[in-house]
Amino acid sequence: MNEAAPLLRMEGISKRYGGVRALEHADLSVSPGRIHAILGENGAGKSTLIKIMAGVVAPDEGRMTMDGHEVSFGSPAAANEAGIVCVFQELSLIPDLSVADNIVISDPPLRFGMIDRRAQRRIAEEALARAGASDIHPQALVKDLPLSRRQMVEIAKALARKPRILILDEATSALTATDVSRIFDVLKRLRSEGLALLYISHRMNEIEELADECTVFRNGSNVATYAAGSKTDNEVVEMMIGREYSHVFPPKSDRPKSDAAPVLECRKLSWTDRLNDISLSVRAGEVVGLGGLDGQGQRELLLAFFGVLRGLTGEILVNGKPASISSPAAAKQDEIGMALIPEDRKTEGLMLPMTVRENLSFTALDRVTKAGVIDRTAEQALIDDMVKLLAIKTAGLDIPVGALSGGNQQKVVIAKWLMRQPRIILLNDPTRGIDVGTKQEMYQLLRKLADAGAAIVFYSTDYDELIGCCDRVLVLYDGAIKRELVGDEITERALIASALNIEGEGAAMAGEARP
Amino acid sequence: MREWRYWFAEQRGTLLALGIFILMFIIYTSNHPAGLTANVVQTASNKGVLLAFVAMAQTLVVLTAGIDLSVGMIFILTNCLASWLVVGTGIETAFGVVAVLGTGALCGAINGAIVIFGRLQPIVTTIATGAIYFGIALLLRPFPGGSVNEHLADALTGKLFGVVPTSLVVLLAVVLVVWVPFSRSVLGRAAYAAGSSEIAAYMSGVPLLRAKFAAYTLAGTLAATGGLFLTFFTYTGEAALASGNAYTLFSIAAVVLGGVSLYGGRGSAIGAIFGALAFRTIGDLLFVFDFDPLWQPLFQGVVLLFAVSLGAFGLFRVRNRLDWFQ
């Protein structure tokens with residue numbers, strides 16, 4: 001369907017991270033003068049593909065050709081040299097340098113071997129103007145700018161490198177509506193100048209307005225490429241799903257819970273621009289899921305409950321009483337009884353070099369301490385219970401926890417919080433990167449804890465888990481709750497549609513039962 | 001108006017250090033029995049530039065988010081070496097100076113190579129190499145002694161036109177020849193970038209490794225310049241362990257006082273120079289007020305703590321407590 005010969009062609013690209021396959025024989029071809037949108041849900045392989053194209057990671061197999069010649073990029077610098085420039089989702093700006101310094105960072109103008117500040121200033125002003133962001137002062141420090149301005153600087157920086165292929169990876173996620181329309185004009189102009197643009201976004205309306213063609217990724221492969229506008233939103237969502245079911249979930253408890261008093265509530269919770277007027281309540285015995293695409297405020301919401309964020313507005317109630325939780329140490333006290341299973345077990349969950357025993361008893365040390373001394377017998381009893389309950393497989397309690405497998409490490413993280421018998425359990429994507437067997441054990445455990453009376457808030461990027469585990473799912477978009485799905489309404493279609501913020505159609509589909 | 005504000009924001013740390021130094025120096029000279037005379041300035045300058053050179057050296061490494069605990073030892077090693085080599089005829093002396101500076105550069109390059117290619121932590125690496133450098137200094141000068149070309153020494157520690165201390169002029173020249181070009185070169189900017197956000201710098205295709213290597217090597221050279229001057233002032237070489245350790249620690253104090261962030265990426269060697277001069281003046285203040293010199297470390301500590309707390313106010317603005325740990 002391409003009129004022009006492709007500028008860049010990727011064929012049979014595969015990439016694995018440890019045992020997890022991120023890309024499997026993926027193909028993509030990019031033509032000059034076109035805007036090519038890439039779609040897919042979390043973990044479909046979009047980001048890995050972009051990183052390979054931009055020289056950040058090397059593919060395990062497959063070939064890339066540019067202008068018909070085979071290429072491989074060992075570093076981002078090499079990809080830049082070839083004319084591939086990427087505006088990354090995680091910003092690549094250097095916070096302590098000025099806007100102008102950042103814009104010219106990879107190839108500053110020189111005069112007598114030194115950076116020519118006047119020329120640098122001129123280039124920066126031009127690039128900012130080209131990106132439609134002349135309101136940003138070139139001498140301002142990047143770290144002093146709000147997120148939306150930084151993203152504009154990032155785009156200006158990319159333009160200053162005179163790319164042939166420009167990749168925008170969720171590059172508009174933090175922008176205001178005015179900025180987005182300005183960027184769209186810029187992108188359309190670039191297209192008419194013959195650039196190839198790759199556009200990754202989860203905003204369907206943006207893709208509709210901008211793209212010439214779209215490629216859908218699923219499970220690490222490209223499943224379809226079609227001309228923009230030739231498919232309905234409904235069909236697109238359909239293409240993005242299509243996964244076989246692989247997990248076994250325990251039956252949800254069927255007793256009605258609507259009459260139970262809420263254990264955890266929040267009202268009009270807001271924090272900077274990441275959380276937006278969130279109100280929710282969770283009852284004892286209930287598993288409430290948080291859905292939506294990654295980075296829509298789910299993590300911040302859990303941190304807000306757990307006392308990590310400062311400057312929150314709104315109210316948090318525990319057992320119907322207003323609670324002011326000022327730190328994780330306060331959150332774990334018995335009157336609150338909260339536990340947070342963090343996202344990254346290696347940094348936030350465990351002290352990797354310390355032993356399994358020490359890691360397990362950290363949160364509950366105050367319970368086994370008498371007159372300031374740890375009662376080893378009491379500690380041992382608690383630990384034994386937990387190791388048995390969670391079936392933690394370890395060669396011994398006194399080996400470093402870093403030596404355990406990923407699944408068992410995650411069990412240790414959960415166990416150390418269960419030692420306190422928390423009444424409120426917050427989970428931040430707890431099954432990421434662990435094996436299927438352990439996942440299943442975890443689903444059983446969640447249900448068991450809920451049946452025993454815990455209130456559970458469960459964020460997952462895996463839609464199957466939300467469907468299989470949760471009594472209710474709240475879908476977040478841009479830091480606000482977009483939809484609440486209850487019981488049979490929780491289907492993959494409804495989850496994806498509301499995650500992409502497609503109104504109307506998505507809502508109509510929500511009632512359909514899952515096949 | 002806006003232009004001026006951005007410039008000010010960028011130079012805030014340096015200006016603060018300059019302000020502290022001027023304040024201290026005014027208090028010092030106005031209470032000095034001789035007042036503000038050329039001799040008082042000369043003595044202050046000669047004492048100050050030693051730490052200023054070592055602090056400049058420290059700045060370069062700290063900017064890359066590293067730390068160099070061997071600068072004081074390079075300073076001592078090159079002092080001992082200079083007391084052997086910087087002697088004799090003009091040509092011999094010149095050769096000696098080049099050899100001393102080259103040794104400093106080599107010491108710095110070794111630090112850099114280990115940190116960058118060995119991927120070891122700068123703090124441990126430089127403790128180890130610092131001990132080695134001091135060991136060599138001890139072998140060179142088991143007992144204090146040696147000599148130096150006194151014509152050169154007197155010329156560089158005297159006064160220009162009877163007014164301006166020559167050591168200060170040399171310091172200025174080093175700033176103009178070494179620091180200004182470095183900070184405006186691609187390597188210099190890359191060094192800042194490496195210290196500010198190494199990942200973003202890598203993703204932007206910045207020459208990270210070369211920049212860090214250059215920073216460590218230049219640091220060694222600057223410490224050696226300090227060592228040369230120490231020889232010019234004392235006419236001898238001495239492998240003094242206490243002095244080496246003191247210069248290392250004071251250089252870190254001077255850098256912080258000068259508005260250079262220990263997290264890297266922020267600050268300037270000029271700020272560090274004023275930090276060093278201010279730190280030296282604190283010690284001299286006690287002298288003019290007739291305090292017991294025993295009070296000096298305590299007093300210096302209090303002033304340093306105060307100056308450093310000025311920089312920590314930003315933490316009150318952090319909204320996500322997890323950012324405290326990053």
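## Contact between the chains

In this predicted model, 26 residues of chain B are in contact with 27 residues of chain A, where contact means that the C-beta atoms of two residues, placed from the backbone, lie within 7 Å. On the side of chain B that touches chain A, two or more residues each come from α1 (2–31), α7 (166–184), α8 (186–196) and α9 (198–203) of chain B. The largest share, 5 residues, is that of α8(B). Helices (H or I, at least four residues) and strands (E, at least two) are DSSP runs, numbered from the N terminus.

By class, this side of chain B has 13 nonpolar, 7 polar and 6 charged residues. Here Ala, Val, Leu, Ile, Met, Phe, Trp, Tyr, Cys and Pro count as nonpolar, Asp, Glu, Lys and Arg as charged, and the others, Gly among them, as polar.

## Basis of the description

Residues are numbered from 1 along each chain as its sequence is written, and chains are lettered from A and ligands numbered from 1 in the order in which they are written. Local features of the predicted model need pLDDT of at least 70 and side-chain atom pairs count only at pLDDT 80 or more, whereas totals for chains, interfaces and linings use all residues.

## Domains of chain A

The domain assignment divides chain A into domain 1 (8–240), domain 2 (260–337 + 423–510) and domain 3 (345–421); the bounds come from an automatic or database domain assignment. The centres of domain 1 and domain 3 of chain A, taken over C-alpha atoms, are separated by 44 Å.

## The four-stranded sheet

An open sheet of 4 strands in chain A has the order β14-β13-β16-β17, with antiparallel pairing; two strands pair if DSSP finds at least two bridges between them. Its edge strands, β14 (275–283) and β17 of chain A, each pair on one side only.

Within this sheet, β13 (residues 262–271) and β16 (residues 313–318) of chain A pair over 5 bridges, and Cys266(A) stands opposite Ile316(A) in β16(A). Strand β16(A) also pairs with β17 (residues 321–322) of chain A, over 2 bridges. Here Leu317(A) has Pro322(A) as its bridge partner, and Val318(A) stands opposite Lys321(A). These two strands, β16(A) and β17(A), form a hairpin with 2 residues between them, and Asn319(A) in the turn has a positive phi of about 55°.

Strand β23 (residues 472–477) of chain A pairs with β24(A) in the antiparallel sense over 6 bridges, and Leu474(A) stands opposite Glu484(A) in β24(A).
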